[in-house]
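This report is for a reader meeting the structure for the first time. Look at how the chains come together, then at the details within each chain.

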2 protein chains.
Amino acid sequence: MKSIRTQFLLAVALVGTLAFTTPITHAEDGLPSWNDGKAKQSIVAFVEKVTKEGSPDFVTPAERIATFDNDGTLWAEQPMYFQILFALDRVKVLAPQHPEWKDKEPFASLLKGDLKGALAGGEKALMEIVGVTHSGLTTEEFEKIVKDWIATAKNPATKRPLTEMVYQPMLELLAYLRANDFKTFIVSGGGVEFMRVFAEQVYGIPPEQVIGSSGKLKFELRDGKPVLIKLPAIDFIDDKDGKPVGIQQHIGRRPIAAFGNSDGDLQMLQWTAAGPGARFCLYVHHTDAEREFAYDRKSHIGTLDKGLDEAAAKGWTVASMKDDWKTIFPPAGK
Amino acid sequence: MKSIRTQFLLAVALVGTLAFTTPITHAEDGLPSWNDGKAKQSIVAFVEKVTKEGSPDFVTPAERIATFDNDGTLWAEQPMYFQILFALDRVKVLAPQHPEWKDKEPFASLLKGDLKGALAGGEKALMEIVGVTHSGLTTEEFEKIVKDWIATAKNPATKRPLTEMVYQPMLELLAYLRANDFKTFIVSGGGVEFMRVFAEQVYGIPPEQVIGSSGKLKFELRDGKPVLIKLPAIDFIDDKDGKPVGIQQHIGRRPIAAFGNSDGDLQMLQWTAAGPGARFCLYVHHTDAEREFAYDRKSHIGTLDKGLDEAAAKGWTVASMKDDWKTIFPPAGK
């Protein structure tokens, strides 16, 4: 006869096995933070039809590519893109080595705390800031700097750590798709070397599945040791028209599902939708001023204007953060 | 009592299950076309130590990245890179639409069958040929053209289909690494859109794990339908210094094992070798004039000169095709 303890361990082992081997294919298991509305139903209906063997819409696992924008789709982008917060903090750290910045815009305004003045120079000013803060280092040095920074960086509006400003329903969606043999990619205008530092830990997305904007790199032997230097020159902007290009260059096949939140994602969604067979496109709509931020057509960050019209015209799914999401962020300290 | 037929089916099912679930970790299972010499032993010793849990050299599966050059490492590159054969055939197909080519080099020589004359213009001539044959099409049109071409293209020296000019010992090595939870990538100077057409079928490497040279792409809506146009402009050359750059841009982590056959792979091997922990670098050495081709330091194609010296100095593995490989190519019609 088995002891109580043995029976208990067998039960634990059995439950463990079941939990491990039962694929999450039903929404009630995989998407608990989504309200049971049209958005959730459309996700589940799509996943079920492309994974059902024998179905006319069946897609082999190798072709189950899903691409996600990052800023505003997987994590917040207000009151400012988080990578700009990094660049601004970095300017302050580097300032002692650059006495000339005291009289040179956009740095002079920035160091006086006048962000609006610093960014008055528009794209040129921003590129200058990104240039000095993202280059002149080896890839390994840069990785360490971002890692150290993001460990303590907080959102200026919510005061929460940036890595907790991710959307719980989207984390569930990523896991739900992967449990159904999808390969999940980030396709973002953000810097690829910046995002890769936290994408694996925060989203479960490995570096080789992160596509982003990039600067040029230079291979060099330093005292016989090979390094890659980040140069102050843009290699690729992974935004708007660049998104389908980045997808083609890195993945080499068309996604069957794509997720975004702004007009910068429109071409990615168009490219995804235009392939043969079943397709799924979803816009995250920032409608919740209370729990997050509310913005769309007229926002400077994450403008969603043409995309809203095209989603309506093409029947794409629009997930309203206010109505479709039970919770926005994971519990603090997760 | 079970019938003979039922017993037979059960036995088949059982054997099938075992074959499917037993990991290939020993060389005698996974590398039958490799002679039992130093090269094979060094591969197996490396794989065993990085996959053994609790070993000081253990590497988590996510970090088991292995990169392979293509031309001369996974398939033959003599008497000429196969992609050049494609370009030359394509010039002939396009010639009727380009009457001006009759008097214009390098096309005039080429159309007269004078390959040497055509290539006398050096890199500029070659780039012109690649430009007209690899651009002005959508990515989907190009894929179809390569697919149709490679279905019948033969090597001019051996008369074998190009997709059978792959190295059987390297196919086994790819499978052996994957059975040990390595992720295998191609990192080649060849065109990425060219290689992706056959890499999955021939090597089991999906398009998103193929890194190569690339031309610029342009996103466009044609009658409302999104297409990507291949432009006649180089985006990236994935050779020499470019290989570590391509690896960083696409994979974002350093391989722990790298395989090449020429000086064009040297920087990839240096970059791989310089990481922390256990590392493995291997050069395929073309030493078999009878069964394949013999060339190294003085060859114009696949020059292996500095690489041979560095392999000796650093203790990298050099696999001699003549001595280390029982067979070179798979059986015809595989």
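## The contact between the chains

The contact draws 35 residues from chain A and 35 residues from chain B, where contact means heavy atoms within 4.5 Å. The model is a predicted one: local features need pLDDT of at least 70, side-chain atom pairs count only at pLDDT 80 or more, and totals for chains, interfaces and linings use all residues. Residues are numbered from 1 along each chain as its sequence is written, chains are lettered from A and ligands numbered from 1 in the order in which they are written, and side-chain values use heavy atoms, with hydrogens and water left out.

Chain A and chain B bury about 3,100 Å² between them, 53% of it on carbon and sulfur atoms. Buried area is the accessible area (1.4 Å probe) that two parts lose on being put together, summed over both. In chain A, the residues that lose the most area to chain B are A:E208, A:F219 and A:Q249. Together they make up 21% of what that side buries.

## What supplies the interface

Across the interface of chain A and chain B, 23 residue pairs are in polar contact, both residues at pLDDT 80 or more. A polar contact is a pair of N or O atoms within 3.5 Å; within protein, one must be able to donate a hydrogen and the other to accept it, and residues adjacent in sequence count only if both atoms are side-chain atoms. Several elements of chain A each supply at least two residues of the side that touches chain B, among them helix 8 (139-150), strand 3 (210-222) and helix 11 (242-250). Helices (H or I, at least four residues) and strands (E, at least two) are DSSP runs, numbered from the N terminus.

Helix 11 of chain A gives the most to this side, with five residues. By class, the side of chain A that touches chain B has 16 nonpolar, nine polar and ten charged residues. Ala, Val, Leu, Ile, Met, Phe, Trp, Tyr, Cys and Pro count as nonpolar, Asp, Glu, Lys and Arg as charged, and the others, Gly among them, as polar.

## Salt bridges

The whole structure holds 40 salt bridges over all chains. Each is a side-chain nitrogen of Lys or Arg within 4 Å of a carboxyl oxygen of Asp or Glu. Between chain A and chain B the count is eight.

A:E140 pairs with B:R254, the closest N and O atoms being 3.0 Å apart. A:E140 lies in helix 8 of chain A and B:R254 in the loop between helix 11 (242-250) and strand 5 (257-260) of chain B, so the pair joins two chains. A:R253 forms a salt bridge with B:E208, with the closest N and O atoms 3.4 Å apart.

## Symmetry

A rotation of 180 degrees with 0.0 Å of shift along its axis superposes chain A on chain B (RMSD 0.0 Å). That is the relation of a two-fold axis. In chain A, the C-alpha nearest the axis belongs to A:H250, 3.3 Å from it. Copies are superposed by least squares on the C-alpha atoms of residues with pLDDT of at least 70 in both.

Of the interface residues of chain A, 100% are also interface residues in chain B, so the copies meet through the same surface.

## Local details

Strand 3 (residues 210-222) and strand 4 (residues 225-236) of chain B run antiparallel, joined by eight bridges. Two strands pair if DSSP finds at least two bridges between them. B:L217 stands opposite B:K230 in strand 4 of chain B. The two strands form a hairpin with two residues between them, and B:D223 in the turn has a positive phi of about 50 degrees.

A cis peptide bond joins A:E105 and A:P106, with omega about 5 degrees. A:P106 lies in the loop between helix 4 (82-94) and helix 5 (107-111) of chain A.
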